[in-house]
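Grab a viewer and work through a few exercises on a fold. Try each task by yourself before you read its solution.

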Amino acid sequence: EPAEIRSPDANDRGDAPSTSRGEDRLGRASFAAALAVEVLTAPARTGYVIGLTGPWGSGKTSLLNMTIEALGERALVVQFNPWMFSGTETLVSTFFEEIAKQLSSNDSKLKGLANTLATYGHLLSPLASFVGASGAVSAAADVLAKLASKPSVLEQRQELRSQLERLDKRLVVILDDVDRLRPPEILDIVRLVRLVGDFPNTLYLLAFDRSRVEECLGEGDLDRGRAYLEKIVQVTHDVPA
């Protein structure tokens, strides 16, 4: 007799992440709801960065998806997958371009902000080498000193800050799979968050394997990597067991 044909269920999904709280089989929906509240209420006047940490396969992407669902229309949520790009200069320009595209596609009223974001990314990308690929980590003051020679960049940055301050919703930028990057790219994406992490009314939610990211940031020295990460990420939450 032919084999019985049955509908696929959650057990057939392999390692595919859950896409909504309705698919939650591990009792993590309440955690996602609490994380959404924190995303909405954390002090983000000068930007804010939250880390969601756990080893590969622990369910970080599922939790991000449930958190996004819990946020609903209360925030402007955009997602950026850094593993799709490489190189500091490309990373900077595509970061802003991708956020701009998602904002303008979600709400026509945000096209002005989207255009400002895209323009800022285009102007900033040639300066990305000051925070990227070479060995030493550049200080934020060094970056701003370089920007001072480019008035148009500073003017565009101020315009971007003004537009973000006027938003009636918080801009939430989701960065997943940070730990799947090669070590130099992990350095680049963390430096990028440091460079743009102080925009007002903006919160970054990063998902990553903490031990791997700390090892890459410290170039093998975990204590050094942990200290650097703590300068960028205000609070971290481990994925529940």
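Predicted model: local features only at pLDDT ≥ 70, side-chain atom pairs only at ≥ 80, totals over all residues.

Residues are numbered from 1 along each chain as its sequence is written, and side-chain values use heavy atoms, with hydrogens and water left out.

**Exercise 1. The overall layout**

Task: work out how many helices and strands the chain has, and in what order the elements run.

Solution. Start by counting: there are 9 helices and 5 strands, where helices (H or I, at least four residues) and strands (E, at least two) are DSSP runs numbered from the N terminus. Next, read them off from the N terminus, which gives α-β-α-β-α-α-α-α-β-α-β-α-α-β. Then check burial: 48% of the 241 residues count as buried, with buried meaning under 20% relative accessible area, exposed over 50%, and partly exposed in between (1.4 Å probe, protein chains only). Last, look at contacts, meaning heavy atoms within 4.5 Å. Of the contacts with a separation of 6 or more, 78% are between residues 24 or more positions apart.

**Exercise 2. Strand β4 and its partners**

Task: find which strands pair with β4, and decide whether the faces of β4 are covered or open.

Solution. Two strands pair if DSSP finds at least two bridges between them. On that test, β1 (residues 48-53) pairs with β4 in the parallel sense over 6 bridges, and Ile50 sits opposite Leu205 in β4. β3 also runs parallel to β4, joined by 5 bridges, and Leu175 has Leu206 of β4 as its bridge partner. Going from β3 to β4, the chain passes through helix α7 (residues 183-196) in a right-handed β-α-β crossover. Right-handed here means that, with the strands pointing away from the viewer, the path from the first strand over the helix to the second runs clockwise.

Now the faces. In a regular strand the side chains alternate between the two faces of the sheet. In β4, Thr202, Tyr204, Leu206 and Phe208 are buried on one side, and Leu203, Leu205 and Ala207 are buried on the other, so both faces are covered. That makes 7 of 7 residues buried, so β4 is largely enclosed by the rest of the structure.

For β2 (residues 75-80), 5 of the 6 residues are buried, so β2 too is largely enclosed. β2 runs parallel to β3 with 6 bridges, and Leu76 stands opposite Leu171 in β3.

**Exercise 3. The largest cavity**

Task: list what lines the largest cavity, and say which element gives the most to the lining.

Solution. On a 1 Å grid over the protein atoms alone, a cavity is a set of points where a 1.4 Å probe fits but cannot get out, and lining residues have an atom within 4 Å of a point. Grid points are joined across faces, edges and corners, and the volume is the space filled by probe spheres set on the points. The search turns up 3 cavities of 30 Å³ or more, and the largest has a volume of about 50 Å³. Its lining is made by Phe95, Phe96, Ile99, Leu117, Leu164, Leu171, Val173, Phe199, Thr202 and Tyr204. The elements that give two or more residues are α3 (88-106), β3 (170-175) and β4 (202-208), and α3 gives the most, with 3.

The lining then splits into 9 nonpolar, 1 polar and no charged residues.

**Exercise 4. Positive phi**

Task: locate Asp177 and Asn201, and look up the phi of each.

Solution. Most residues other than glycine have a negative phi. Asp177, in the loop between β3 and α7, has phi near 60° and is buried at 15%. Asn201, in the loop between α7 and β4, has a positive phi of about 60° and is buried at 18%.

Note on methods
1 Å grid on protein atoms, 1.4 Å probe; cavity = no way out; pocket = protein on both sides within 12 Å on 5 of 7 lines; lining within 4 Å. Nonpolar A, V, L, I, M, F, W, Y, C, P; charged D, E, K, R; others polar.
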